Amino acid sequence: MIEPQALTLTHTDAAQQVATGKGVAVAVISDGIDVANPEFVRPDGSSVITDYKDFTGEGTNDATDAEEAFGDASSIAAQGRQTYDLSDQLPGFTFPKGCDFQMRGFAPGADLMMLKVFDHDGGGFTSTVVQAIQYAVEHHAAVINESLGSNLYPDSATDPFRLADAAAVAAGVTVVASTGDSGPTGTIGSPASDPSVISVGATTAYRLPALGYGYPGAIDNNIAALSSGGTTAGNRLVDLAAPGMVGMAACTVGPLWTGCQHATEVFGGTSQSAPFVSGAAALVIQAYMQTHSGARPTPELVRRLLTGTATDLGAPTDEQGAGLLDSAGAVQAASAWAVPGGSAHSTGLVLSTDQLSVSGRAGEVEHSSVAVTNTSNRPQTVTMSSSAVGTQTFDTEQTTTVAAPLPDTTGEGQLAAAPVTFTVPGNTPLLDADMTWPGAQNTGVLALALVDPHGRLAQISYDFGGAQSAANYQHVDVVQPEAGTWTAKVLWSNGVTLAQPIQPGSYRGPVRLRFSGHRYAAADVAPQTRPVPAGGTVVFPVTVALPAQAGDTPFSLRFTSGSDTALLPVARRTLVAVPSASARSTTFTATVTGGTGRSVNQVLAYYLDVAAGHRSLTIDLAAQNPGTQLVYYLVSPEQQILARDTNLAGPKSDTPSQYASLTVNDPAPGRWTLYVTLPGLISGTDFNEQLAGTVHVDTATAAAPGLPNSPTIVISKGSNKVVSVAVPNLGPADRQYFLDPRLDSMSTVPVMTTSGAASADVTLPSAPGAGWWVPSHTSELRATASAGAPVNLELSPWTASPLVLGVPGPSGTTVATAKAGQLAGGFWGTTITPVGAYGTTPAPSTTAKITMTALTQTTDPDAHPSTGSYWDITADWNPVYVAAGGTAHIDLTITPTAAPGTVVRGILYVDEAGAQEDVSNESELIGLPYTYTVG
């Protein structure tokens, strides 16, 4: 048996008859690896891994988990020279003795450049990855594989990671990134969210789990439950999918590779899918070069060849993108590309783009076009149609009860409840299965397995079950399910197949199951049919209507001929309407489900176009269930979080509530983004929960009748003038208010650390980070690191985005500068990292002193709120709590100290604090100008 099964599912075994990736260098950004592993040594004794560098500073001889690097490298270029027995490699399952296998990568002829960016604890930094990308470009990699990423708020195009990838693509390097393992609920991470990279989701390859668990067979080529999908904040979708659940990879048992327990490992997730596509990209590049006089295809063409020839699985657009990787089709199309009259060896239709991104107001119509190239030597009649998930074929719900666990005889996991059955009718193109229960983070991890009418394993859900988050909602889908009686099993399992079974948890009680079928329907795009000559290109105009409901409604364009189909994903986002005046409001709704419990459970993003001249923008939010905590962020056109809230209430912001509210004072004109995020559990009582939003402009208010408003008003030096400020709480949630008096000038001031110090001493490698307290109304931050050795310096707000990267300058210091019309206030962090690359010798230890200054609106030293000084980290402060519908009364005492005759002008800001007051303020309601003359 040849592993991975993905070789046959993607027709890569056929593609390798044309190309093996020979002469193509693939850079793999990961952790540590054993260069001498037999799977990375060619028959002639030469090494597959031609370069191995470290960027963490620990050196290549430091221990790491290494499972990722081995998996990536094996997926791309394992040589298949060793024979293994599954019963030895995976003890505890039902594999018979003598079940032998070999492993072969997608591009066994490629050269690998292994670039270590994760340290012995599995941690890594953006600056470390950026250096690795730059090294790969400088050392002539043709492909970079990135099986890594993170979910950032906001997901900014200025992130150094994304900028480095874009620069690599501009330099002619194809970059491939995994979407993540957080499920299909809007969780695609960065850098896969960037339009310059090829983003890859995961499909199922269940040959091994079926054998190991004793099933009579398996159904493959469904979207893996863990595969991150949905629409990104930037209105993008996954590009294509490749097998990611599961296959075998090489491993070396030894002290430097702590994750390796045997000579092989089970490898999966989108971390596997991405290197499969990277390997396929190497095949495409070699095939193209063989037929184009050694010229290398551009990254943009490589992407189009891979996505244009992918196989439509019949899965939802925001899960599969263009479909399942077809390496043979891509290689044939690469060989035939730009051949006059086309090629007899290719039938592929290649599109001019990998996807469309459309956004606009409800009811608007957006116009675009797609060019279709026929790479065959035969004319083809091509029809463009559209497809989206449509009406249901059936919908049934059942409730089962988790009681004492039932025995497990296969290693799949103990049954948490007795299996249930349901019937799938004929003509059901898509089967959806959902499971939810009111479990808590520490009550155990459940997974849902589906078995078809023939007893074959069809799907297993995924629950990360880690410390990052938790999940009590599971979802899987099956394309073209066979009609008949299906079985659903609720298991004490995290869905990681062929891993050691987990222990049953303590949860006992109901589990709700829902099974439904869906048809596909057209997506309001007029179909067209056009002849495309052999080797020729024809342009199809595309008109896309924006639905009435705000939010994301993706669909696919299908380009079909008698011999081929090419899918084009279309990300379609209707903007949330913003009222034009305070007397009006607009509304929108959102649906919250849940996720896998890894990094984040769900992310929804909404666009709002705000016109100039508004003095405030407010979004009130009402969740269906207080037991589901949601976190909201309102992001400016410059990608700065200027308001945040969560549905926690009470004087200590620890009481679950339905309500939250975001307000921005004096919003900049342009496109704002609202993030709705589910960081943890849902209530577990419903399969989905509704969220209602209401948008207001110019409604935030506060009254301060005694606030001086003219230079004719005189306040004597040294005297006290007390002004009472009334702040009505007009929103649905209780609030905590404080005052923030500023002068009408900007000044450069030192920024204090969160411990109140003027500087921070940090060291490499043990303690490279420091925290800082940055006031609102800051337009520039400048962090400076002076170290005994060259260091990189990262600077970012508390959400880690947008991050700014400083590199060593000629003076020996490193400076990182963040600029915007208004930067996010609150906690900012700095981190130093070593300047690589390194071999076996680690980076020297070094100490750095970091200081920071802010160009900020000057705090008025003579105005003293009764709520204290929030932005002075060393001072006391005490916000005023007000229930919804109430009014806060806060005193401001003005005690002038300037020389008589001085005219003082300032703005009294009214701000909100809340659940994360030690991280940032939540909103700013209004700014009340004041003016007086010192007497």
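Rings of Phe, Tyr and Trp (for Trp, its six-membered ring) form a pair if their centres lie within 6.5 Å; planes under 30 degrees apart count as stacked, over 60 as edge-to-face and the rest as tilted. The structure holds 19 such aromatic pairs. It is a predicted model, in which local features need pLDDT of at least 70 and side-chain atom pairs count only at pLDDT 80 or more, while totals for chains, interfaces and linings use all residues. Residues are numbered from 1 along each chain as its sequence is written, and side-chain values use heavy atoms, with hydrogens and water left out.

Phe40 lies in the loop between β2 and β3 (49–54) and Phe70 in helix α3, so the pair ties together parts 30 residues apart in sequence. Helices (H or I, at least four residues) and strands (E, at least two) are DSSP runs, numbered from the N terminus. Elsewhere, ring pairs link Phe738, Trp773, Tyr870, Trp871 and Trp877 into a cluster.

Buried means under 20% relative accessible area, exposed over 50%, and partly exposed in between (1.4 Å probe, protein chains only). Phe40 is buried, at 0%, and Phe70 is buried, at 0%. Helix α3 (residues 67–77) is largely enclosed by the rest of the structure, because 10 of its 11 residues are buried. What covers these buried residues includes β2 (25–30), β6 (111–116) and α8 (270–291).

Next come the nonpolar cores. Such a core is a set of buried Ala, Val, Leu, Ile, Met, Phe, Trp, Tyr and Cys residues joined through side-chain atoms within 4.5 Å. In the largest one, of 111 residues, Leu112, Leu306 and Leu450 touch the most other members. Helix α8 gives the most to this core, with 11 residues. Apart from it lies another core, of 30 residues, including Leu608 and Val697.

Contact means heavy atoms within 4.5 Å. Not counting residues up to four places away in sequence, Leu112 touches, among others, Ala73, Ile76 and Ala77, which are buried residues of α3.

Phe422 is found in strand β17 (residues 420–424). This residue counts as buried, because its relative accessibility is 4%. Leaving aside neighbours within four places in sequence, the contacts of Phe422 include Leu450, Trp486 and Phe515.
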